[in-house]
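Open the model in your viewer and keep the selection tool at hand. The tour goes stop by stop.

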Amino acid sequence: MVDGLERWPIDPVWCPGWPADPADYTAAQAAAADVATELLWRLTAGRYGLRTDTVRPCRRGCLDGGAVADGGWMRPVLLGARWVNMGGCTCIGTCGCGPVCEVELPGPVYSITTVRVDGAVVDPADYTVQDGRWLIRREGPCWPLCQDIARPDTEPGTWSVTYRRGRPVPPAGVRAVSTLACELHKATGAAGGQRCRLPSRVQEIVRDGITMTLIDPMEWL
């Protein structure tokens, strides 16, 4: 299975006979659940299901040997409870003007596990996540503009963000992965001869010429 991808929950209601606790799965059941999880995760373009990722942010211009200043004439401004881009420092009502220390993470961001700067873990109270993608520094120095990607993130001159990415699996997804895992398990023969509903992909067989035609994989899906 894809590194860091968490197995989708299997509901015994849709997969009769399976243990309620994943720790009690047989090796064949665990393998079927993992295959079903990765298949449906890929079919949803990774939007559903949680995966742990570690990213090493580095802004444009770092590869050219120089740091790039934050912003431009457009600055993020806090209006009520939302961040918006405004020119200069023109405020309407109560707001906070000035540059905001933020970095965009490939989302959606479900939760932050660890943030490291110069090898040290940053206090979670010093940052927050806005709109499921912006990591904003609330206390302390701003996020680094550049870093040495060649070094591990436990050394000075580096920084990294480890987080769980994606959305929790909805009820329809739980039903789908449970049904698919159950059928994949039957297809291995490990389910004690229970009939599998998945097609074998065999569409036509010519015995004398030993010719066999298979269904296109996308039609099978």
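Start with strand 1 and strand 10 (residues 159-165): they run antiparallel and are joined by 5 bridges. Strands here are DSSP E runs of at least two residues, helices are H or I runs of at least four, and both are numbered from the N terminus. Two strands pair if DSSP finds at least two bridges between them.

A word on the source: this is a predicted model, where local features need pLDDT of at least 70, side-chain atom pairs count only at pLDDT 80 or more, and totals for chains, interfaces and linings use all residues. Residues are numbered from 1 along each chain as its sequence is written, and side-chain values use heavy atoms, with hydrogens and water left out.

Select arginine 51. Opposite stands arginine 165 in strand 10.

Next, select the open sheet of 3 strands, ordered 5-9-8 with antiparallel pairing. Strand 5 (102-104) and strand 8 (127-130) are its edge strands, each pairing on one side only. Strand 8 is joined by 4 bridges to strand 9 (residues 134-137). Pick tyrosine 127: its bridge partner in strand 9 is arginine 137.

Last stop: glutamine 29, in helix 1 (residues 27-43). Is glutamine 29 buried or exposed? Glutamine 29 is buried, at 7% relative accessible area. Buried means under 20% and exposed over 50%, with partly exposed in between (1.4 Å probe, protein chains only).
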